[in-house]
Amino acid sequence: MCGIVGYIGNKHAVPILLEGLHRLEYRGYDSAGIAVIERGELCRVRMPGKVNSLVAQLAERPFESTIGMGHTRWATHGKPSEANAHPHANGDETIMVVHNGIIENYQTLREQLSARGYRFSSETDTEVVAHLIEDEYTGDLTQAVKRALRKVTGTYGLVVMHAQHPREMVAARRGSPMVLGVGDHEMLLASDVAAFLRLTDRVVYLEDDDIVTLRADEYVIDTLADKHVEREAERIEWQADEVELNGFRHYMLKEIHEQPDTITNALRGRLIASEGIAHLGGLDKVLNHLKEAQHLVIVSCGTSYYAGLYARYVFERLTDLVVEVEIASEMRYRKTNIRPGTVVLGISQSGETADTIAAMHEASRKGALLLGLVNVVGSTMSRITEAGVYNHGGPEIGVASTKIFTSQCAILVMIALLLGRFKHLAVTDGMEIVAGLERLPTHISTVLKQADAIRSIAASYAQYDNFLFLGRKYNYPMALEGALKLKEISYIHAEGCAAGEMKHGFIAMIDQRFPTVCLATKDMTYDKVLSNMQEIKSRGGKMIAIATEGDEEIAEVADDIIYTPPNLDFLQPIPAVVALQLFAYYCAIERDCDIDQPRNLAKSVTVE
Ligand code: BG6
């Protein structure tokens with residue numbers, strides 16, 4: 001979704017806004033704009049395209065200002081254009097707004113305002129807010145924003161500036177993320193802390209219906225209902241250099257190579273080898289409930305959904321829980337059998353995905369216990385859940401999720417281990433699983449060392465326009481994830497398929513021009529996968545296999561093989577998916593795609 005940044009202080013605002021927009025560009029990148037107050041005038045520059053084009057434009061028109069706001073867009077209403085780019089203004093451009101979210105009743109408001117003579121210059125939902133604030137303005141900007149927003153339905157992260165208020169700006173939040181950065185005689189606003197990590201690590205998380213008035217040395221939080229709120233700043237654990245490329249060509253490649261560390265961070269202090277168990281502090285307060293739980297519903301979207309699918313197999317193996325895995329955008333409209341006592345686990349990298357949050361609200365209405373597995377500290381999901389686990393994976397900036405996916409899978413195994421040890425899992429089994437988990441960082445490093453080999457395999461396959469990804473049991477969700485990675489960043493058509501399902505339809509597509517990637521690590525389904533590969537070979541299909549080291553048999557069937565180290569059957573798929581991440585990355589490189597900002601995608605979708 002869109003990225004918003006705001007600055008008020010004693011430094012030149014423009015460079016800070018542009019740096020913030022660059023860091024938030026993974027949220028949306030079809031147009032961008034900024035507004036500043038210079039010598040009492042509210043000035044804006046906006047244009048279609050990436051932030052770099054805005055930088056070039058501003059080089060020709062340097063502003064002298066210490067207050068400003070910026071926006072990078074992922075279009076929802078109105079095509080990417082200068083007129084639809086943010087900031088949006090009222091008629092005489094004395095009021096400007098940047099917005100992330102959707103004003104659901106904008107049509108009605110627009111008609112009411114037009115009937116009263118307001119003129120609109122864009123197709124966006126956001127512009128109504130600027131006119132509404134003008135309509136309510138009687139000298140107090142904060143009050144005007146409050147009165148305007150009381151007429152609005154929908155979601156927003158919003159920043160407002162007024163030409164007659166050069167030393168303050170107002171921000172509001174409902175449903176879309178907004179954080180406040182507290183600096184030294186300066187204040188910052190952003191959709192994500194990554195935007196201002198270099199300037200401060202002290203943040204205030206805004207809650208739904210918060211209205212904050214910012215001045216260089218103070219922030220005042222009220223609610224839409226005019227209640228004053230005192231909220232202290234918190235220190236965040238992320239370091240500024242974590243959002244740097246650190247010599248890598250793309251954030252996605254950097255994050256792929258960070259996985260031995262992110263897995264180590266996910267495991268750190270959470271495994272008790274001597275007892276063969278995991279300890280997840282964030283679940284302590286609901287442990288008694290979890291011990292008695294019978295029914296677990298996992299809900300998520302995109303790559304996080306595939307982590308949920310993988311987890312079902314592991315939970316069924318290690319616990320006696322009845323596990324369901326739901327696509328959030330479907331679950332919220334289904335009559336699910338969630339009832340009091342049901343445990344609902346939301347999985348999300350960003351913690352801001354609107355569909356997952358809405359599905360969890362729905363589950364909460366039905367009396368479920370809400371848990372979260374989230375990477376972004378302080379995100380909405382971490383605050384609507386009773387308990388949860390953080391990935392501690394650091395910022396993930398590449399739009400296609402990689403390091404947080406494998407971290408999610410490892411943590412889900414730890415949760416299953418914890419719950420399993422309360423039931424039938426013996427300490428010896430637990431110890432084996434702890435040892436297997438602790439081998440993951442090294443095993444992933446072993447796959448990463450094959451990056452050049454994977455690159456040359458990708459070079460020989462990148463010209464194909466269709467791929468099938470096959471896997472059974474624990475490898476099936478990895479096949480889906482591998483196909484998604486290829487689709488997301490190289491735009492190649494790829495289908496993930498349960499290997500046993502192939503002969504019931506997918507196999508019709510197989511020929512010399514439709515290669516298959518087979519996840520065939522050694523487990524109880526190996527022989528079955530091998531026969532599926534035989535079926536493809538006999539139809540002339542080319543195959544890449546992800547196999548377990550020492551497996552010579554597979555060389556008779558597959559054209560290309562990437563080996564991963566042996567481990568417990570349900571842990572081998574984690575390093576295996578790293579090979580698929582690299583394969584997708586190098587195919588996209590071959591096709592000269594925009595890896596970190598693939599077309600039409602955004603890192604976290606904060607609107608339905
Ligand atoms: C999409 C991202 O917008 O949202 C995917 O492009 C991601 O990478 C999906 O998997 C779900 O996001 P999250 O933050 O809820 O895990």
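In helix α5, the buried residues are L141, T142, A144, V145, K146, A148 and L149. That makes 7 of the 9 residues in this helix, which spans 141–149 and is mostly covered. The model is predicted. An α-helix has 3.6 residues a turn, so residues three or four places apart point the same way.

What do the buried residues of α5 pack against? Their partners are helix α4 (127–136) and the strands β7 (156–162), β8 (169–174), β12 (210–215) and β13 (218–223). T142 itself is one of the buried residues of the helix.

Strands β12 and β13 run antiparallel and are joined by 6 bridges. Here T213 stands opposite V220 of β13.

**Aromatic pairs**

How many aromatic pairs does a search of the whole structure find? The count is 10. One of them joins Y461 and F583: the planes stand at 70°, with ring centres 6.4 Å apart, so the pair is edge-to-face. Y461 sits in helix α15 (residues 451–461) and F583 in helix α18 (residues 573–590), so the pair ties together parts 122 residues apart in sequence. Are these two residues buried or exposed? Both Y461 and F583 are buried.

Y585 and Y586 give another edge-to-face pair, because their planes meet at 80°, with centres 5.1 Å apart. Y585 has 2% relative accessibility and counts as buried. Y586 is buried too, with a relative accessible area of 7%.

The ring pairs also build a cluster. Y461, Y464, F467, F469 and F583 form one aromatic cluster.

**Charges over rings**

| Charged residue | Ring | Distance to ring centre |
|---|---|---|
| K522 | Y526 | 4.0 Å |
| R599 | Y491 | 3.9 Å |

**Backbone angles**

Y491, the ring under R599, also has a positive phi, near 60°, in a residue other than glycine. Where is Y491 placed? It lies in the loop between α16 (475–490) and β24 (493–498). Its relative accessibility is 27%, so Y491 counts as partly exposed.

H185 is another non-glycine residue with positive phi, here near 55°. Its loop runs between β9 (179–182) and β10 (187–190). At 45% relative accessibility, H185 is partly exposed.

A cis peptide bond leads from H86 to P87, with omega near 5°. P87 belongs to the loop between β4 (67–73) and β5.

Terms used. Residues numbered from 1 in each chain as written. Predicted model: local features only at pLDDT ≥ 70, side-chain atom pairs only at ≥ 80, totals over all residues. Heavy atoms only, no water. Phe/Tyr/Trp six-rings, centres within 6.5 Å; stacked < 30°, edge-to-face > 60°. Helix = DSSP H or I, 4+ residues; strand = E, 2+ residues; numbered from the N terminus. Buried < 20%, exposed > 50% of the residue type's maximum accessible area, 1.4 Å probe, protein only. Lys NZ or Arg CZ within 6 Å of the ring centre and 35° of its normal. Contact = heavy atoms within 4.5 Å. Pairing = 2+ DSSP bridges.
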